Amino acid sequence: AKLADVLLPAATWGERTGSVTNSERRVSVQRGFLPPAGESKPDWQIVSEVAREMGFTEAFDYQHPADIFREHAALSAFQNTGQRAFNLEDKQNLSTEDYLAMQPFQWPNNTQRLFTDGQFSTPSGRANFVPVLAQRSNRARNPDALTLNTGRIRDQWHTMTRTGPAPVLFNHIQEPYLQIHPEDAALHKLEDRSLARIHNRQSEVIARVAISADQRPGEVFIPIHWNDSFSSKARVSTLVPRLVDPVSGQPQFKQAKVAVSPFPAILEGTLLLDQSLGESWRPSSGYWSRVSIDHGVKFYLAETQLEQSVLMAANIRSEFKEIDSWVMLSNQADQGISLGGFIGEKLALALFTATRSHDLPDTAAIAAWLGKPVAMEQRFPLLEGNSADFAAKGPIICSCHQVGEFEINAEIDKGACTTAALGQALKCGTKCGSCVPELQKLLGQHKRANAQPDSKTNSSNETTPQ
């Protein structure tokens, strides 16, 4: 979009109707359940209108997605005498009503598995195998460089165009992070929960440090999801060299080499904005990460230039002229401040700063007040974190049932010693199951913390539960 002269807004998933085919050859009709936002239109309609303006009226005279599917089905049968498995010939005359009512099916003829007869879609009928020789990168290496691994996290999808606006999916992990082994973290002077700069000759990324013995030494992991809409500099794909396999075209995602170093943050902050203020606003700080929350947005901030919290507060105040009144508290111990901004009686903004992220408060309770009236006598207690509505769940572990770490640990303390017992008590791990590994980890931590070594047994013989 940054390079375009003309932007044609496309309807997104949920706003459009059309057929899709997944990786197991299953064709299904996706039916829109929302009207397209603003002036956006489905892709097929945009392309058709542009084509007609260019003079291709007859070729692009589509009136409905069913028209395109019928043509798609007819083309699958064109000059196909059986040598191509893909054939939707029986669908080429579907009515629009039948298309919209069409149930998912696998081509060809609902065949679940292809090539069981040993005949493949090649001229000879035999499978083609391409021999490859794995080669290490021949790029010059820094002996201190780390191998970068990239991938998904549990609750986000691709670049968050679908999942990013959903507050519930940020309850698990809120910032882009660098997972690194304790030995590598010590070698590169990285502290847990501090910010790190990850860089090579291609680009650089800024992410929160997550020290973990689960990460192999010499390697680091960064998730793929954060982009320029959700963080200042967290597009991990920019670190990957532009090398592809000569046959498949697969990018070399797993051999990127990176250097890591501390990000020189002088001051860190958390900023909460009511949805009326934060929809399109972006910070100008050295680092920021945007989080969708109920009733608004949250930003994690880090400054490399401003040395005083009052200066950060002054910058924020100058950016939001809509605010009617301000309340500010200072904390001499960590050189931080708490700043509240109100429009009328309603809380519209809250800023908290500290010299280290460890000293920033949990803002869950304050966030629940965004857009709500706060009486004058309640404002100072709210900014001090003394609200009676303080969230006691802790970081969310089970997204399906919104079960937090504090609740899980409390249940373990009561005697729940298996994931099944936790599921029975709290329902965590009983739906999609993706939180089960974290439940097992919490159980293991509790077991180790409460283990009483036998005085007759050398502690070096103890085993770590898996």
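Biologist: What covers the buried residues of α9?

Modeller: In this predicted model, the cover includes β16 (396-398), β17 (403-404), α10 (419-426) and α11 (436-449).

Biologist: Which residues of α9 are the buried ones, and what puts them on the same side?

Modeller: Helix α9 runs over residues 405-413, and its buried residues are Ile 408, Glu 411 and Ile 412. They cover an arc of only 105° around the axis, so they sit on the same side of α9. Just after α9, Gly 415 has a positive phi of about 125°.

Biologist: Let's turn to α8. How do you know that its buried residues line one face of the helix?

Modeller: The buried residues in α8 (residues 376-383) are Arg 379, Leu 382 and Leu 383. Down the axis of α8 they fall within an arc of 85°, so they line one face. They pack against β13 (325-331), β14 (336-343), β15 (346-354) and α7 (364-367). Gly 385 follows α8, with a positive phi near 80°.

Biologist: Why is Met 54 called exposed?

Modeller: Exposed means over 50% relative accessible area. Met 54 has 58% relative accessibility, so it counts as exposed. Met 54 lies in the loop between α1 (43-53) and α2 (65-77), and together with Val 6, Leu 8, Val 50 and Phe 56 it makes a nonpolar surface patch of about 510 Å².

Biologist: And why is Ala 166 called partly exposed?

Modeller: Buried means under 20% and exposed over 50%. The relative accessible area of Ala 166 is 22%, so this residue is partly exposed. Ala 166 is in the loop between β4 (146-151) and β5 (177-180). Its C-alpha atom is separated by 7.6 Å from that of Ile 293, 127 residues apart along the chain.

Biologist: Why is the pair of Phe 170 and Phe 230 called tilted?

Modeller: Stacked needs planes under 30 degrees apart and edge-to-face over 60. These planes are at 35°, with centres 6.1 Å apart, so the pair is tilted. Phe 170 is in the loop between β4 and β5, and Phe 230 in the loop between β8 (219-223) and β9 (256-262), 60 residues apart. Both are buried.

Note on methods:
Residues are numbered from 1 along each chain as its sequence is written. This is a predicted model: local features need pLDDT of at least 70, side-chain atom pairs count only at pLDDT 80 or more; totals for chains, interfaces and linings use all residues. Side-chain values use heavy atoms; hydrogens and water are left out. Buried means under 20% relative accessible area, exposed over 50%, partly exposed in between (1.4 Å probe, protein chains only). Helices (H or I, at least four residues) and strands (E, at least two) are DSSP runs, numbered from the N terminus. The arc is that of the directions from the helix axis to the C-beta atoms. Contact means heavy atoms within 4.5 Å. Patches are made of residues with over 30% relative accessible area and no salt bridge: like charges are joined within 9 Å, nonpolar side chains (Val, Leu, Ile, Met, Phe, Trp, Tyr) within 5 Å. Accessible areas come from the Shrake-Rupley method with a 1.4 Å probe; for residues, only the protein chains shown count as cover. A salt bridge is a side-chain nitrogen of Lys or Arg within 4 Å of a carboxyl oxygen of Asp or Glu. Rings of Phe, Tyr and Trp (its six-membered ring) pair if their centres lie within 6.5 Å; planes under 30 degrees apart count as stacked, over 60 as edge-to-face and the rest as tilted.
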